[in-house]
Amino acid sequence: MKRSEFIKVLGLGTVGLMTNGIFFRPAYSKDPTKRIKNWAWITTDLKIPDDDWLRKFAVMRHAGIDAILPEIFNSREAYYGSQHLPVGGEWLERIIPLAKKEGLEVHAWMWSMPCNIPEIYERQPEWYIVNGNGESSVVKPAYVDYYKFLCPSREEVHEFIEKRVKELAQYDELDGIHLDYIRLPDVIIAEALQPRYDVVQDREYPEFDYCYCEVCRSKFEDQTGIDPLELDDPAMNEPWRQFRYDSVTNLVNDKLVPIARKHDKKISAAVFPNWEAVRQQWMVWDLDAFLPMLYHNFYHGDTEWIKYHTHKGVTALDGRVPLYSGLFVPELNPDELQQAVQVSLDAGAGGISLFHANAMDGNHWESLHATLRSVPVD
Ligand SMILES: [Zn+2]
């Protein structure tokens, strides 16, 4: 198709098409590894009847969504038939066949490090992270009550999280497992959120800095001869920062990824653009896909900010695996959503991921459909 015809078909002006002077890359390439893929996170909802899910999935598919991420563990209850977690309902079992009927991939979205199950924090308080003031996240969680994170250096914690991944890997029809909250708490929280929690974080403060539990301290001391609690300025100590990054990385690469691979499941994660602040060195993780949460409004950003961070992430991954820009729908009107998708693709994303499907109204879906349909076929 010639460019002039193409624009006519779209009904769009050149301004919209040529944002930033870069033309879209092919969406439906003959090379399947280069094909654009789009995702949608779906927050737990047990009340919607099957027929309504089928209708919703048909709308998503029509708009260009390829994969859904239903939230099946929220740090309190599992929404699948878990044998070791409190079960709030067998929602995953219901969703999978309905999504498959509409041709959607299903990736189980699970929270990883936070654990708000009373039986666990009452019986195993030592599993939980401790801040630079020596306070446990069970007793004094940062920012919000649910910031009760488990310590990524502890073997028992690894086993607890591995159990979840193993259970999910047993679902034959499930395409993948999606790790969320696979990190430590934000030592510096996104700038637009600081007033909400009444904090001013001009540097790293011990109250929000983790983990200084006995296991983390002694493992670091074994490696370096230094007790991190005795550091004058822990934020400036590179080996101590790296130790925290590695503690999460080792859990992902050495424990969780092998389970997914063994059962032929894809494994992906929701990650932070400002990864240092949550001790999440995701660019070295051995995953199949990365979905950075490019929630521009949390950082006083705009669509240019989304473009910048998409490009930065794609560059960090060096083409090894695809990155899908996570977009915050509640702060994007249909026109802005279109722009956000365009800049993400311009910057080299393999597609986008919507946070979240429930926030999309009819105009959003129509806008997404028009945007994705406008991506040329090669
Ligand atoms: Zn620890």
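Trainee: Which residues on the other side of α11 are called exposed, and what makes them so?

Mentor: Gly362 and Asn363. They count as exposed because each has 12 or fewer other C-beta atoms, placed from the backbone, within 10 Å of its own. The model is predicted, so local features need pLDDT of at least 70, side-chain atom pairs count only at pLDDT 80 or more, and totals for chains, interfaces and linings use all residues. Residues are numbered from 1 along each chain as its sequence is written.

Trainee: Which residues of α11 are buried?

Mentor: His364, Trp365, Ser367, Leu368, Thr371 and Leu372 (20 or more such atoms; in between is partly exposed).

Trainee: Why are the buried residues of α11 said to line one face of the helix?

Mentor: Seen down the axis of α11, they fall within an arc of 160° (taken from the directions from the axis to the C-beta atoms), so they line one face.

Trainee: What makes α11 a helix, and how does its reach compare with the expected span?

Mentor: α11 is a DSSP run of H or I with at least four residues, and it has 12.

Trainee: What covers the buried residues of α11?

Mentor: The cover includes α3 and α10 (334-346). The axes of α3 (residues 50-63) and α11 (residues 362-373), lines fitted to C-alpha atoms over the stretch in contact, come within 8 Å and cross at roughly 35° (N-to-C directions, 0 to 180 degrees).

Trainee: Which residues make that contact?

Mentor: Val59, His62 and Ala63 of α3 and Trp365, Leu368 and His369 of α11 (contact: C-beta atoms within 7 Å). Trp365 and Leu368 are also among the buried residues of α11.

Methods: Helix = DSSP H or I, 4+ residues; strand = E, 2+ residues; numbered from the N terminus. Contact = placed C-beta atoms within 7 Å. Expected span 1.5 Å × (residues − 1).
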